[in-house]
Amino acid sequence: MQFEKTPGWLDWYAGPSKPQFVLPKGAVDAHCHVFGPGAEFPFAPERKYTPCDASKHQLYALRDHLGFDKNVVVQATCHGADNRAMVDALLHSGGKARGVATVKRSVTDVELQAMHDAGVRGVRFNFVKRLVDFTPKDELLEIATRIKAWGWHAVIYFEAVDLPELWDFFTALPTTVVVDHMGRPNVDQAVDGPEFALFMKFMREHENVWSKVTCPERLSLAGPAALNGQRNAYRDVVPFARHVVETFPDRVLWGTDWPHPNLKDHMPDDGLLVDFIAHIAPTADLQKRLLVDNPTRLYWPELLKG
Ligand code: 0GY
């Protein structure tokens, strides 16, 4: 099937620069996606955007170029609850990718087991209104309770303004809960202002809550411009991400978000994004926890045994 990309949608950045920051051995890109290819894995009828193709081969070439060891492939909303493209990517990764799926209440135990065998370790609940239609919370809670039996976790994606309304639901989830992109703070507000303080309280009071300190390119108002000729893009996001990393060093993850869905103004150079890490995790110890220890504990715990 041929798909026409949503107008204004930028393609992912071809020929990313080589990062100056050298990733530690075993580093995991813990938030990235595959799109199709549409001809092989059609996009979902209920999608809110139609992306360009971004295949598993292209994702794994980027992994090697940037210096990552492994990936966590997160189901993108353009594929709805049809997880075939993501699962296919896991099955062709040689054990170097795990996944996060989107499922409906109707998913069977046989389907969950097959996804587990392929490397799926979580489900994603999306509350960003421009991306998905509403799903009743009792359905999501039922799914969370079922996937707990497989040792999976829930990944939640929401906008900062919606956290107060979603608080009771999030805190009722019975699994580890991983927040996408720090709950999308407004970085023109103060790090210690009420909005981000609520997010920090959410993490502080709930030890099952983790955060991806990802997507500076989505959150930044300053943008990618460098200062003093340095590779220091997205500087206005640094205080937020660094605060989370330094406060909760054992509950943070990092990922590229390649191929960067829904960007219309600029498409980030993934090499520059990797250089952002050194600003938010300034010591070798923090970098190892963020990039190696934490994602390994969540996605490859068997590597830590024995
Ligand atoms: C992200 C961010 C976005 C999109 C999706 O699944 C998706 O479509 O997650 C977004 O548009 O903010 O994490 O990739």
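The largest cavity here has a volume of about 130 Å³. A cavity, on a 1 Å grid over the protein atoms alone, is a set of points where a 1.4 Å probe fits but cannot get out; a pocket is an open set with protein on both sides within 12 Å along at least five of seven lines, and lining residues have an atom within 4 Å of a point. Grid points are joined across faces, edges and corners, and a volume is the space filled by probe spheres set on those points. Keep in mind that this is a predicted model, where local features need pLDDT of at least 70, side-chain atom pairs count only at pLDDT 80 or more, and totals for chains, interfaces and linings use all residues. Residues are numbered from 1 along each chain as its sequence is written, and side-chain values use heavy atoms, leaving out hydrogens and water.

**Cavities**

- How many cavities of 30 Å³ or more does a search of the whole structure find? The search turns up three.
- The largest cavity has 15 lining residues, and those nearest its centre are His 33, Arg 124, Leu 131, Tyr 157 and Pro 261.
- Sorted by class, that lining has five nonpolar, six polar and four charged residues. For these classes, Ala, Val, Leu, Ile, Met, Phe, Trp, Tyr, Cys and Pro count as nonpolar, Asp, Glu, Lys and Arg as charged, and the others, Gly among them, as polar.
- The second largest cavity has a volume of about 50 Å³, and its lining includes Phe 158, Met 182, Glu 195 and Phe 199.
- Helix H6 (residues 194–205) gives the most to the lining of this second largest cavity, with three residues. Helices (H or I, at least four residues) and strands (E, at least two) are DSSP runs, numbered from the N terminus.
- By class, the second largest cavity's lining has seven nonpolar, one polar and one charged residues.

**The ligand**

- Where does the ligand sit? The space it takes is the largest cavity; a molecule sits in a cavity or pocket if more than half of its atoms lie within 2 Å of the grid points.
- The ligand is surrounded by 15 residues, the closest being His 33, Tyr 49, Thr 77, Tyr 157 and His 181. Being near here takes a heavy atom within 4 Å.
- That shell has five nonpolar, five polar and five charged residues.
- A polar side-chain atom of Thr 77 lies 2.5 Å from a ligand oxygen atom, and for His 181 such an atom lies 2.7 Å from an oxygen atom of the ligand.
- Arg 218 has a side-chain N or O atom 3.4 Å from an oxygen atom of the ligand.
- The protein covers 100% of the 350 Å² of accessible area that the ligand has on its own. Accessible areas come from the Shrake-Rupley method with a 1.4 Å probe.

- The largest pocket holds about 670 Å³ of space, with 26 lining residues, of which Asn 126, Val 132, Asp 133, Phe 134 and Thr 135 lie nearest its centre.
- Strand S4 (120–126), helix H4 (137–148) and helix H5 (163–172) are the elements that give two or more residues to that lining.
- The lining of the largest pocket divides into ten nonpolar, six polar and ten charged residues.
- In the second largest pocket lies about 150 Å³ of space, and helix H3 (residues 109–118) gives the most to its lining, with four residues.

- Most residues other than glycine have a negative phi, and most peptide bonds are trans.
- Gly 36 and Pro 37 are joined by a cis peptide bond, with omega about 5°; Pro 37 is in the loop between strand S1 (28–32) and helix H1 (56–66).
- Trp 258 to Pro 259 is also a cis peptide bond, with omega near 0°.
- His 181 is not a glycine, yet has a positive phi of about 55°; His 181 lies in the loop between strand S6 (177–179) and H6.

Key. Polar contact = N/O pair within 3.5 Å; in protein donor to acceptor, adjacent residues only side chain to side chain.
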